Structures are given as structure tokens and as C-alpha cells.
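Biologist: I'd like to learn how to read salt bridges in a model. Could you walk me through some?

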Amino acid sequence: ATYTSLPATKYVFRVQGSNNDQIWNEKGVTLAITVLPPWWATWWFRSISGLGVAALVFGAYKSRVRSLHLAASRLEGEVATRTRELRIAKDAAETANRAKSIFLANMSHELRTPLNAILGFSNLLREGASDTQRNDLDIINRSGEHLLALINDVLDVAKIEAGHRVV
């Protein structure tokens, strides 16, 4: 007898026989048979396979986490580099702005001194001048006062940029 595709379990094979006179043996003979599962259907193979799949999933997870950490570290490094570059550029801009403010303040003072002298002398000359000369001196005075107002405005802007209070 041939039995294919039997599930793995324990079986009892019972055989009855007859003789040439057709007399049957009523009791028969029994044989205990154990059919073992194929190697791929054993508990130990399934356990190893399950552990292998779990190890692959865990390895993929750890690899992904590691790549995310590396990307985060790289981005943090780039942010730190850009922050340093921006800080350097900001410091340079502030230094240039302070230098500009100092230059404007110095130039304003340097221009105001001779301009005040010109205005003072033109006022002195007005006292003994003729009408034509007085008109010319008035033009000089108006132009000088206008120029002095512009210089004072520049000086005020320089003071504001330097953080001083303008009165």
C-alpha cells in the first residue's frame, strides 16, 4: 500500500489476511507508524524562520534609525556652520555700520566748524555793507544755514544709529 500526502501524526496500520481457502483472520495484525513532518514544517524550522524574519525587521529598523540620526547630525552641522557664517557677516556689518557712523559724526563736526566761521564772518560783514553786498551776504547766510541744517541732520542720524538720544 502507498499513501501519499498523509499529514504528520501517529497512525495504526491494521492488516487482515486470508488463506487460500478464503478464510479471513478476524483479529488481524496492527503496526504503529509515526509519519514525521518534512523538515520545513517542523517547529524548530518555523522558530528559526520567525527569528530570522524578526532579526531582518529589527535590522531594517536599526538601519533606518541610524540613517535618520546621521541625517540629523549632518543637518545640525550645516545649521551650526551657517549660523557661524551669519554671525561673522553680522559682526562685519555692525563694524562697518559703526565705522560709517563714526565717519559721519567726525565729518559733520569737521564741516560745522568752518561753516559756523563763514556764517559768523558774513554776519559781521553785513553791518558795514551796501545794499547789494548785503543781498549777496544774505544769500551766503541762507545757503550756509541750509547747509548747517543738513549737517545737523546727518549728525542726528549718526547719533541715532549709534544708540544715543537726540535732543
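Biologist: Thanks! To begin, with which residue does R126 form a salt bridge?

Modeller: Bear in mind that this is a predicted model. The general idea is to look for a Lys or Arg side-chain nitrogen within 4 Å of a carboxyl oxygen of Asp or Glu. Here R126 pairs with D138, and their closest N and O atoms are 3.0 Å apart. R126 belongs to helix α1 and D138 to helix α2 (residues 131-162), so this pair ties together parts that are 12 residues apart in sequence. As for the surface, R126 is partly exposed, at 28% relative accessible area.

Biologist: How many salt bridges does the rule give?

Modeller: The count is three. Another of them joins the side chains of K90 and E94, at 3.5 Å from N to O. Both residues sit in helix α1, four residues apart, which is about one turn of the helix. E94 is partly exposed, with 32% relative accessibility.

Biologist: And which residue does R134 bridge to?

Modeller: R134 meets D131, with 3.6 Å between the closest N and O atoms. These two are three residues apart in helix α2, about one helical turn. R134 is partly exposed at 28%, whereas D131 is exposed at 57%.

Biologist: Now accessibility: is E127 buried or exposed?

Modeller: The cut-off for exposed is over 50% relative accessible area. E127 has 66%, so E127 is exposed. This residue is part of helix α1, which covers residues 43-127. Its C-alpha atom is separated by 30 Å from that of D153, 26 residues away along the chain.

How values were computed. Residues numbered from 1 in each chain as written. Predicted model: local features only at pLDDT ≥ 70, side-chain atom pairs only at ≥ 80, totals over all residues. Heavy atoms only, no water. Buried < 20%, exposed > 50% of the residue type's maximum accessible area, 1.4 Å probe, protein only.
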